[in-house]
Amino acid sequence: MSIFKDKRFSSLKEYTPGEQPQDKKYIKLNTNESPYSPSPAVLSVINSNEAANLKLYSDPTCSELKKSIAAVYGVDPKNVFVSNGSDEILNFAFMLYGNVAGAVFPNISYGFYKVFGDLYGIDYKEIPLLDDFTVNVEDYKNTGKFTVLANPNAPTGIALSLSEIEQIVASNPDTAVLIDEAYIDFGGESCYKLIDKYSNLIVCQTFSKSRSMAGARLGFCFADEEIIKDLELIKYSTNPYNINRLTAAAGVAAMSENGYYLDNCQKIIENRDYTKAELEKLGFWVLDSKANFLFAKSDKIAGEELYLKLKDKGVLVRHFTAEKIKEFNRITIGSREQMEFFVAAVKEILGEIQ
Ligand code: PMP
């Protein structure tokens, strides 16, 4: 790194994205993408006139996109913010609310929370999960700090109930509470309707998982109008055209075919149940996931060894090196064929080491 940069960044440890190999074709079960294609309307809009319009800037207000999201969820467009991936909302929220009184989030959760905490010099506390990898709800009540929770949590997949989330939001009336619902469409209960009742709540979602658009980079959140204005302030102070034309058009098209995505979520849930049952038959401990991934470990093989051996067989899963979770792997749920291939590969590996 150069000698020219600000000292504040000298010890910053960046977020490490999951592997995106460009060389070889893997069964990719490592970054929680959807195995299913975007819906027909999304594919046709990308190939239509909108491509020719790329010479023009996109609409900085994203009004059509906001309207289409608002219509599907039955909220007012003024309670919607859209972003370049939901990572951008997390970024803006940490920037806006993290240094008011510090921040709290679980010690095992989405790795970007800590990176944003470090990036903005926030005094943050990582609260340990309980031994069964669940979040202890009491720990998040009356924090007096910017409170961030992924629900379902990642990489565990374990979800809190709507009433538990409400207790947390209600007990922190003077600080912003961000509920990251990146994986909510796979069986969890969204808390977005609570935005009418709690002006401190930000409910963040994404088109990357259930809506098959990870490569388009599109996130959104629901919140009180004043919070939306805060987010717009940061957007217009950093990158007013944060949503490109093709992504905005794709987002509107995706919202017009919501049923297609709901069906895909149902298939993912069925494939998750199948994979969990198969892994349990093989002696794995599999956490109770409400996400499009499973978090599992086996006493028969170390987490890293299983990850490497699966990679050799052409299956990519996600392995984390943090001490408390290093024996686990996170397995994205793909199509039934992909999961059958994965289960067969695991069986082969366990057979080979015995
Ligand atoms: N939150 C969680 C919990 C995630 O796992 C991810 C995906 N890595 C994100 C947010 C960000 O997703 P995106 O920026 O693709 O919307």
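Author: A cavity is a set of points on a 1 Å grid, laid over the protein atoms alone, where a 1.4 Å probe fits but cannot get out, and its lining residues have an atom within 4 Å of a point. This model is predicted: local features need pLDDT of at least 70 and side-chain atom pairs pLDDT 80 or more, while totals for chains, interfaces and linings use all residues. Residues are numbered from 1 along each chain as its sequence is written, and side-chain values use heavy atoms, without hydrogens and water.

Reader: How many cavities of 30 Å³ or more are there?

Author: There are 2. A volume is the space filled by probe spheres set on the points, joined across faces, edges and corners.

Reader: Which residues line the largest cavity?

Author: Look for Phe133, Thr134 and Val135, then Leu149, Ala150, Asn151 and Asn153, and finally Ile158, Ala159 and Leu160. By class this lining has 7 nonpolar, 3 polar and no charged residues (Ala, Val, Leu, Ile, Met, Phe, Trp, Tyr, Cys and Pro are nonpolar; Asp, Glu, Lys and Arg charged; the others, Gly among them, polar).

Reader: And what lines the second largest cavity?

Author: Its lining includes Ser34, Tyr36, Phe186, Lys209, Cys265 and Asn292. The classes here are 5 nonpolar, 4 polar and 1 charged. At least three lining residues come from each of domain 1 (11–37 + 259–353) and domain 2 (40–256), with bounds from an automatic or database domain assignment.

Reader: Which residues are around the ligand?

Author: Counting residues with a heavy atom within 4 Å, you will find Gly85, Ser86, Asp87, Tyr110, Asp180, Ala182, Tyr183, Thr206, Ser208, Lys209 and Arg217. This shell has 3 nonpolar, 4 polar and 4 charged residues.

Methods:
On a 1 Å grid over the protein atoms alone, a cavity is a set of points where a 1.4 Å probe fits but cannot get out, and a pocket is an open set with protein on both sides within 12 Å along at least five of seven lines; lining residues have an atom within 4 Å of a point.
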